[in-house]
Each structure stands twice: as C-alpha cells, then as structure tokens.
Amino acid sequence: MSNLTPFDDEEQNGYIKIDQYNSKQVEHIAGHYPDILRAIGEDPTREGLIKTPERVAKALQYLTHGYDVNAAELLRSAMFEEDYSQMVVVKDIEVYSMCEHHMLPFFGKAHIAYIPNGHIVGLSKIPRVVDAFARRLQVQERLTNEIRDCIQETLKPAGVAVVIECKHMCMAMRGVQKQNSVTTTSAFTGAFQNDVTRSEFLRLITASLH
Ligand SMILES: [Zn+2]
C-alpha cells in the first residue's frame, strides 16, 4: 500500500488502482532503470540511487493511472435528473499531466462548463474526469477534446466548454527554454458554439468572484 492518496475519497469509485501498485509492473519498469542510470553516466549502486528505480517505477505508475479509470462510468455514477438549465461552471481545476513526446510534466488549470439538459452531475466528478484523462501520456490538445467528448457523450448536455491553460516543462527546461509561456487550448460543443454563450463562459472564468 502507498501513502499516495491525494484525494480525500468519500468513495473509491474508479480510483482503486491508486492505492495498489501493480508489483509486477513496478518490478518490470524498475528493472530497466539501472541501465538508464548507467547510460546517463551515473552509478546505480551508489547509496542515493539504490531505491531510485523502484521509486521511479511507482511514480510512473501513479502518473499514468488514468489508463485504469473509466471516466464515463465515473460520471454515470453521479448523474441526477434535474431541470436546472443554466450554465454550470467549474473553474481552476488543477491539471497535472505528462507530455507524450518528452515524458515531462505539463500542468496548469482547467475550466469546464456545461448546460444541463435533463441531468446534472455531482460536481466533484468533473475534476475526476480531468484527472482520468490527464494522468496518461498526453498532448494538451487531445486532453482538452477527450474531456469535452466524455462529458458530452455521457451527460448529453446542451453544450460543453473546456479551456485548459498549462505550462509545459519540455518547453521550460529544454528546447526553446521559455519558462513563462502558457499554452491555452479550448473545445466547445452545442450552445457554446454560439458567441453569446461562449462569451459568458469566458467572462465567468476570467472574473475573480472569490
Ligand atoms: Zn513535450
């Protein structure tokens, strides 16, 4: 068992894998790291590095646990009939992901809205959908679309809006070394394709109400 429990889970739905490392997979991944350490000029037998392969393997398993989460099922587990039909906005959702090109982190915030069409969803499920797709090897563009599509196809609302802004370590630490650039991506369906509705959403996520 690990002590990695970043969510104060009232329920384990979809998150069982977090608490249980797959020891076979950990062993498999860890087995490659002494070689990698040697290849970069390190001595994998020195004290500070002895347990590093195992730690890296566990970290990688955690950082990619989204592969084991069924995001649609997560949403379905907390859908309620309700005739509320105004925009529901969840903003400033923390995003931690890893770019699939360099396996370096990208992180920032997601802002998500939907307009109910007969059903609403438990609000805590929206950040979990973000996590389910973020905790994989990703590109920010696909992450944005996957979140939008999952909410649209599962909840079938009158519209979904997703805006994600992230810093990419592969840009900050290497390559062009632009430490402060932020990449923004967005994806909309239904009512959010309409200028007025989209502007209202963008106004809500940029306003500081709290
Ligand atoms: Zn990258």
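Not counting residues up to four places away in sequence, Thr144 touches Val162, Ile164, Thr185, Ser186 and Ala187, where a contact means heavy atoms within 4.5 Å. The structure is a predicted model, in which local features need pLDDT of at least 70, side-chain atom pairs count only at pLDDT 80 or more, and totals for chains, interfaces and linings use all residues. Residues are numbered from 1 along each chain as its sequence is written, and side-chain values use heavy atoms, with hydrogens and water left out.

Thr144 is a handy place to begin. This residue lies in helix 6 (residues 140-155); helices (H or I, at least four residues) and strands (E, at least two) are DSSP runs, numbered from the N terminus. With a relative accessibility of 1%, Thr144 counts as buried. Here buried means under 20% relative accessible area, exposed over 50%, and partly exposed in between, with a 1.4 Å probe and protein chains only. A polar atom of the Thr144 side chain is found 2.7 Å from the backbone oxygen of Gln140.

Leaving aside residues up to four places away in sequence, Thr189 touches Arg148, Gln152, Gly159 and Val160.

Stepping back to the whole chain, the fold contains eight helices and seven strands. The C-alpha trace spans about 60 × 40 × 30 Å along its principal axes. Of the 210 residues in the protein chain, 41% are buried. Among contacts with a separation of 6 or more, 69% come from residues 24 or more positions apart. The protein chain exposes about 11900 Å², and carbon and sulfur atoms supply 52% of this area; accessible areas come from the Shrake-Rupley method with a 1.4 Å probe, and for residues only the protein chains shown count as cover.

Helix 5 (residues 125-134) is largely enclosed by the rest of the structure, because nine of its ten residues are buried. The buried residues of helix 5 are Lys125, Ile126, Arg128, Val129, Val130, Asp131, Ala132, Phe133 and Ala134. They pack against helix 4 (71-76), strand 2, strand 3, strand 4 (119-121), strand 5 (137-138) and helix 6. Asp35, in contrast, is exposed, with a relative accessible area of 53%. Asp35 belongs to helix 2 (residues 23-39), and its C-alpha atom is separated by 9.8 Å from that of Pro53, 18 residues apart along the chain.

The structure holds three aromatic pairs. Tyr96 and Phe107 form a stacked pair, because their ring centres are 6.2 Å apart and their planes meet at 20°. Rings of Phe, Tyr and Trp (its six-membered ring) pair if their centres lie within 6.5 Å; planes under 30 degrees apart count as stacked, over 60 as edge-to-face and the rest as tilted. This pair links distant parts of the chain, with Tyr96 in strand 2 (residues 88-99) and Phe107 in strand 3 (residues 105-115), eleven residues apart. Tyr96 is partly exposed at 41% relative accessibility, and Phe107 is partly exposed with a relative accessible area of 30%. Phe188 and Phe201 make an edge-to-face pair, 6.4 Å centre to centre and with 80° between the planes. This pair too links distant parts of the chain, from Phe188 in strand 7 (residues 183-188) to Phe201 in helix 8 (residues 195-206), 13 residues apart. Both Phe188 and Phe201 are buried, and ring pairs link Phe188, Phe192 and Phe201 into a cluster. Arg198 lies over the face of Phe188, at 5.2 Å from the ring centre; a charge sits over a ring if NZ of Lys or CZ of Arg is within 6 Å of the ring centre and within 35 degrees of the ring normal.

Finally, a zinc ion is coordinated by Cys99 (SG), His102 (ND1) and Cys170 (SG), at 2.1 to 2.3 Å. Donors are N, O and S atoms within 2.8 Å of the metal (3.2 Å for Na, K and Ca); water is not among the atoms, so sites may look incomplete. The donor residues are spaced C-x2-H-x67-C in sequence. Cys99 is buried, at a relative accessible area of 5%, whereas His102 is partly exposed, at 35%.

Conventions. Polar contact = N/O pair within 3.5 Å; in protein donor to acceptor, adjacent residues only side chain to side chain.
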